[in-house]
Structure formats: structure tokens, C-alpha cells
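Open the model in your viewer and keep the selection tool at hand.

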Amino acid sequence: MELHDFKQQLRSEVTRNILDFWLEYKDIDNGGFYCYSDFNGVVDKEHDKSVLLHSRILWTFSYAYRVLAEKKYLDAARHCYDFLVEKALDREHGGVYWILDKNGNVADSQKHVYNQGFAIYALSEYFLASGDEAALEKATDLFGLIEKHAFDDVNGGYIEAFDREWNEIDNHLVCDTAEEVLAEKSMNTHLHIMEAYTTLNKAWKSPLVESRIQHLLELMCDKVVDEKLHYGLFFSRDWQCVSKDVSYGHDIEGTWLMDEAAGELSDREFAAKVFSLTTRMADITLEEGIDADGAVFNELREGHLIDTDRIWWVQGEAMVGFFNAYQKEPKPEFLEAGLRCWNIIQTQLVDKVNREWYWKTYRDGRPYTDTPKVEPWKCPYHNGRACLELYNRITLPENAL
């Protein structure tokens, strides 16, 4: 496939099949967006509203406006921003809640750092799109809260789970492992804090933010990435890995997010080391994690595949990860791997009847019909971002489109 055609396909997919779908999920009566629909896209208007989902929607429409410059995307971002600011921010104790009811009342007040990080990510991106200084101020306030309550100055990284008043609680939201070990720290939370701080630093240059980005990258390099160049997934407070699974989706997603973070550093020698490590990690995913048809496997445990399903976010993030590796080291295998993921998406994951993407399909491409189209973790962030990110990265001669 020519890159010219690929870029056109990406734009069509993200505008018509993803963003237009989500524009119809605005809740005009109660604010924000609807947060649940079944496999066929039938909306449950009574369902609770996820703050995480709203942060991801805010980020997506803000970035879409910056990439595509269509006003309707900025309008959608503003609609989402207004709901988050009015309903999700805790004005007494600071931070954002976890879950609201359909009307925006607090249903679950816990403060998870994963959730705070995504709010920073979204608010920073919204500032870059809109120039709204109030959004940036709220992002920097959340940054200060994370640093005050969650930074672990003994072991490094961040404590993850807190109640409304910022007292530590068990880390059930993202760290209940398959081995039934309740971990205190996770790769996933730290990866996305790093992602959030990277965007915050683009909006608000701060020596402390940059130092925390470097700290997180050092943790990734020294504690989280193992000797086989996979991410450990779950950890004790002092960074002992307590899980055995390999997540190929996180492995390849993390390569380009680490590179984005390293791009913000003044220490170019360390940044170069990160770029080298992530290229080798992409190579490992290419060698180990690809099915015969080009799909990226989901999970491996002790050398055995435990999940060969095609997960929507895994294939989307893999496209970006392989293209990012290709931009650093133009091996044809990297480009081909990204294009083959796109083929899996187009032939297996895109819902050509009800729009958006299926949550997952079996190895033979049949969709799981018991999975929702939309729920608190299923949103336009991964697939919308993948299409927009690649569209933005593919440079063509002027007037080529």
C-alpha cells in the first residue's frame, strides 16, 4: 500500500467511523457523554458516567481539532470539558472522582493516580487545542496533587490508590493480577502518568515536570523492562515484579510513548539510550508477538500464549509503535508490520454495520458479541489516537492528498 492511500484511509476511518460515532454520544440533557452501549450500539442512558472515559473523550476531540482543524471537534471537546470541570473535580479535597451517576452526582469518590493522570493528559491537550488558560491551571493543580500525595520518595514512582481524602487504599482498579496478587504498583499506571506528564510539558514547560518524566523513563528502563525486553506488569512497592504475563500490546504501545517522553528531555544522551531500547523492544514484539496474518497477540505466560484474541486497542497501538520504529530505523519489516495491523483492523475489527470497532474478535476474525461497543474502558482514545497519530506522522509532498 502506498503511504498516500494509507493516509487517506486513516482520515476516513477516524472521521466517519470513530469521531462521527462519538459525536452522537453527547448527553445534551445531563451533560457529558453517554458511557455505555451494547454490542449493537444501543445506548443505555441510565448508565453511570466514567470520569476516565470523559478524560479520554476530551483528549481525543482536542487532538482531533489540532490535527484536522474542524470546529465541530473543538465544540465536542468543550462540551466534555465543561462536564468534567463542573461535575468531576473535587473542590474540597482536590482531584477527580472515579465514577459519576447519569446526572453527574458522585457514585465512586476514590482517587486513583491512573485516573488523575488521564485528566492531566486531557486538560493539557485541551489547552493546546483551545488556548484556555483555566484548563492548563487545572492540569497543573492535578500535577501538584499527585506529587504531594502519591510520589514515593523512598522507592521511586507513585503510590496508586487513594480514597477521596487521599488516604491510601488497596489498589484494586488496575492491579488485581491473574495470579491473584494485589500489587501496589503497575506498569500501566506509570506508563500513563509518563504520557500525561509528556503532554503537560508540551503545554507548560517546568523543570519539575521534566525531571519527573526522566525519573519515570529511568524507572521503565531500570525496573519495569525485564532482561527479555518485555514490560513487567505488576510490582510491589519496592519494584519487585509479582506477575508473569507478557502483554505484547503494552510492549509495543510503550515503545512510542517512551520515545515521546524522551523527546521532552534536555538530557539528549539519555534520550538516545531510550530510543535505542525501544527500537529493540519493537524488534522483540516483531519476532515473538505476531500471528501468521499479522495480528499482534495479546498475552503470553511462561512462554505459552494464553490469549490470541484480536483486541481493538492492541492492534491500533501496534500500528503506531511499528511506524514509530520505522521512522527511527527504516526497516521494511516495521512498516509492513504496521500495515498488516491496519489490515486486521479493517477486515476484522471495524464494525461496518454499527460503526466504531469491536472490542475483540476470535483468532478467525469472528467478533465477540457479548462485549459492549462502549463502556468505561472502551472509548475513542486508542483507535482514534492511532489513526490521528499516524495521519499526522505520514508526511507527503504538498498537495499530494
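This is a predicted model. Begin by selecting two helices, α11 and α13: they are roughly parallel to each other, because their axes cross at roughly 20° and angles under 35 degrees count as roughly parallel. Helix α11 covers residues 312-328 and helix α13 covers residues 380-393, and their axes come within 8 Å. The crossing of α11 and α13 is left-handed.

Next, show the side chains at this contact. On α11, select Trp-312, Trp-313, Gly-316, Glu-317, Met-319, Val-320, Phe-323, Asn-324 and Gln-327. Colouring the contact of α11 with α13 by residue class gives seven nonpolar, five polar and four charged residues.

From α13, go to the loop between β12 (360-361) and α13, and select Lys-373 there. Is Lys-373 buried or exposed? Lys-373 counts as buried, because its relative accessibility is 1% and the cut-off for buried is under 20%. Now display what is in contact with Lys-373, leaving aside neighbours within four places in sequence: Phe-21, Ser-37, Asp-38, Phe-39, Gly-41, Asp-351, Asn-354, Arg-355, Glu-356, Trp-357 and Lys-378.

The last stop is the largest nonpolar core, which has 133 residues. Select Trp-22, Tyr-197 and Leu-217, the residues with the most contacts inside this core. Then centre on Leu-217: apart from neighbours within four places in sequence, Leu-217 is in contact with Met-194, Met-258, Ala-261, Ala-262, Leu-265, Phe-270 and Val-274.

Technical notes: Residues numbered from 1 in each chain as written. Predicted model: local features only at pLDDT ≥ 70, side-chain atom pairs only at ≥ 80, totals over all residues. Heavy atoms only, no water. Axes fitted to C-alpha atoms, helices over the stretch in contact; angles between N-to-C directions. Helix = DSSP H or I, 4+ residues; strand = E, 2+ residues; numbered from the N terminus. Parallel < 35°, antiparallel > 145°, perpendicular 65-115°, else oblique. Left-handed = near helix turned anticlockwise from the far one by under 90°. Contact = heavy atoms within 4.5 Å. Nonpolar A, V, L, I, M, F, W, Y, C, P; charged D, E, K, R; others polar. Core = buried A, V, L, I, M, F, W, Y, C linked by side-chain atoms within 4.5 Å. Buried < 20%, exposed > 50% of the residue type's maximum accessible area, 1.4 Å probe, protein only.
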